[in-house]
Amino acid sequence: AIFAIIIVASCAECLETDSSFSDYAKSRADLCKHENCENSLILSFSNMGYVKFALNLVLSLRYAGVENYVVVALDEQAFQFFQKRNVSTFLYGVNSSGNGSTAALHHASPEFMDIMHLRLQALIGLLESGLHVWFTDADAVFNMDPFHFLSKDMYQAELCYDTPFLPRERGGPLMVMAGFFFMRSCRIHPTNCVLLRETGRRQRARPERHDQVALNEALAAHPEIEYRLLDPLLFPNGAVFFADRAPQNFGIKAVVVQNNHMTGAASKRHRFREHLLWFLDPPSYYMAPPRRAALLVYEGGVPAVLGLRWEFAALRAAFALGRMLGRTVVLPLLCLYHAAPGLYQGSSDWCTLEEYAAPPDAWVLPYREHALSMHPTTPTALRHAIQHAPIRSLLGARQQDARGSRRKVVRERDVVAAFGCHGCHEGDVGEDECQEVLRLGPLWDWEVIFDSEERQTQFDTDWNQQIRLREEISRHVTSTVAELGAGFVCVHGWDG
């Protein structure tokens, strides 16, 4: 059953005191399937700007067989979205217009602060009603029922938490994650509600700061609270799972995966897709029939001395070839640096695009993630072709570019003559007119040029809009190069 009540923003403590919310939450908590989750609820929040992540979260809970959850809708549009999809939801309008403003996605906006205060009030209301609450941000995936993984010691603690950062030194303090924790009822541990109210006071006093800072300052002021760290391999944050891939390297299936340590909805969605954790795409996205694929695949990897700049040069060449031939580019893995004597190769064996580039919400240059070749919805024959189709080649004269590098120059007319075919456009390919997969070797030393100046200018514009290094990456690399006073291997030739 789906239940809703609209609470106006002028009543800041409504969720803390209104019994209809706690009554509905208790009815959902009663759906738990075992004693470990008795009187327990998984709670999340979403406005219209984040409904797809919240729905992805709900789908993961359904796959895991978990029903004791509630997603609080923060505007009317989000609520209607959830209702149509049978999501267990409760409406609380952050503003009376309920317009689903995307301003609330920015952590420094007044709308975002409203959401932070509301989350605390909702938690306090449920904890005081006798429920235990597992709070999670919407950008998470539950692979299994998390309550099965709470030991007796953990379950009896006041707070079980994850940490966004491991301590820099042995015995150093751990920060508590404000967006993911399990908290026991205030009827059993009254100090939990004292802690949350103190957090709220600190937020209101310094609204420009992140809620995580306020929570940890409040926690430091209450050393009597007993809390336990959740196993970081079973409950990994975004850095541990996506960047370090620690659970995967140990052969451990993560119980819950959090998509933090990343900014931007498009980047988070891309990251989930690359790790087969995005459940909202239709079969056609993975080229399932009746759709017919027209893909361009190329070999990733560059000599270590060249690094990131040349990986992006290869990507640019691939997108140019894709436009010339009407093909969709399948992204390679990045950070694949071939060994060179005496050179540092980096700490990770591979990474995906969103680690360095901030993808836009709408791509004008069509692509699919590298995981297309592994996704179970992708037709078997197509997965095989992406990985094993014969590698084609194209001769081109080598010329020296403005940086002094000798690159293979290939022109549009030669590309079309070598690889083109009639009607080779995504979704519009005849049965015998075009091979589904054009597979090429490394492209890092290719310079691909359009025949007309107009087409070249349009491509350059589209590329510059589509592929931009993440601001934090640019800032980090620039400061690192300045600090070292020497070239940084993975971005040798950096222009910053």
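Biologist: How many bridges join β10 to strand β18?

Modeller: First, this is a predicted model, where local features need pLDDT of at least 70, side-chain atom pairs count only at pLDDT 80 or more, and totals for chains, interfaces and linings use all residues. Residues are numbered from 1 along each chain as its sequence is written, and side-chain values use heavy atoms, with hydrogens and water left out. Strands (E, at least two residues) and helices (H or I, at least four) are DSSP runs numbered from the N terminus, and two strands pair if DSSP finds at least two bridges between them. β10 runs parallel to β18 (residues 437–440), and the number of bridges joining them is four.

Biologist: Which residue in β18 is the bridge partner of Leu296?

Modeller: β10 covers 295–298. β10 and β18 run parallel. The partner of Leu296 in β18 is Leu438.

Biologist: Which strands stand at the edges of that sheet?

Modeller: The sheet is open, with parallel pairing and the order β14-β12-β10-β18-β15. An edge strand here has a single partner, so one side of it is left without a neighbour in the sheet. The edge strands are β14 (367–368) and β15 (391–392).

Biologist: Turn to β2. Are its residues buried or exposed?

Modeller: Buried means under 20% relative accessible area, exposed over 50%, and partly exposed in between (1.4 Å probe, protein chains only). In a regular strand the side chains alternate between the two faces of the sheet. In β2, Tyr69, Val71 and Ala73 lie on one side, with Val70 and Val72 on the other. Five of the five residues of β2 are buried.

Biologist: Which residue stands opposite Val72 of β2?

Modeller: β1 (residues 40–46) pairs with β2 in the parallel sense over five bridges. The residue opposite Val72 is Phe45.

Biologist: What is the hand of the crossover from β1 through α3 to β2?

Modeller: A crossover is right-handed if, with the strands pointing away from the viewer, the path from the first strand over the helix to the second runs clockwise. The β-α-β unit made by β2, α4 and β3 is right-handed. The crossover from β1 through α3 to β2 is right-handed.

Biologist: Which residue in β3 stands opposite Val71?

Modeller: β3 (residues 89–91) and β2 pair in the parallel sense. Three bridges link them. Opposite Val71 stands Thr89.

Biologist: Which residues have the most contacts inside the largest nonpolar core?

Modeller: A nonpolar core is a set of buried Ala, Val, Leu, Ile, Met, Phe, Trp, Tyr and Cys residues joined through side-chain atoms within 4.5 Å. The largest has 46 residues. Elements giving two or more residues to this core include α3 (51–63), β2 (69–73) and α4 (76–84), and α3 gives the largest share, eight residues. The residues with the most contacts inside the core are Phe82 and Trp134.

Biologist: Which phenylalanines does Trp134 touch?

Modeller: Contact means heavy atoms within 4.5 Å. Residues up to four places away in sequence are not counted. Beyond those, Trp134 touches residues including Leu41, Ile42 and Leu43.

Biologist: Which cysteines does a disulfide join?

Modeller: A disulfide is a pair of cysteine sulfur atoms within 2.5 Å. A search of the whole structure finds one. Its S to S distance is 1.9 Å, and the pair is Cys186 and Cys193.

Biologist: Where does Met287, with its positive phi, lie?

Modeller: Met287 has a phi of about 60° although it is not a glycine. Met287 counts as buried, at 2% relative accessibility. Met287 lies in the loop between α11 (265–274) and β10.

Biologist: What is the mean pLDDT of the protein chain?

Modeller: pLDDT is the predictor's confidence in each residue, from 0 to 100. Over residues 1–12 the pLDDT is below 50, and over residues 425–433 pLDDT stays under 50. In the chain, 76% of residues reach 70 or more. The mean is 82.
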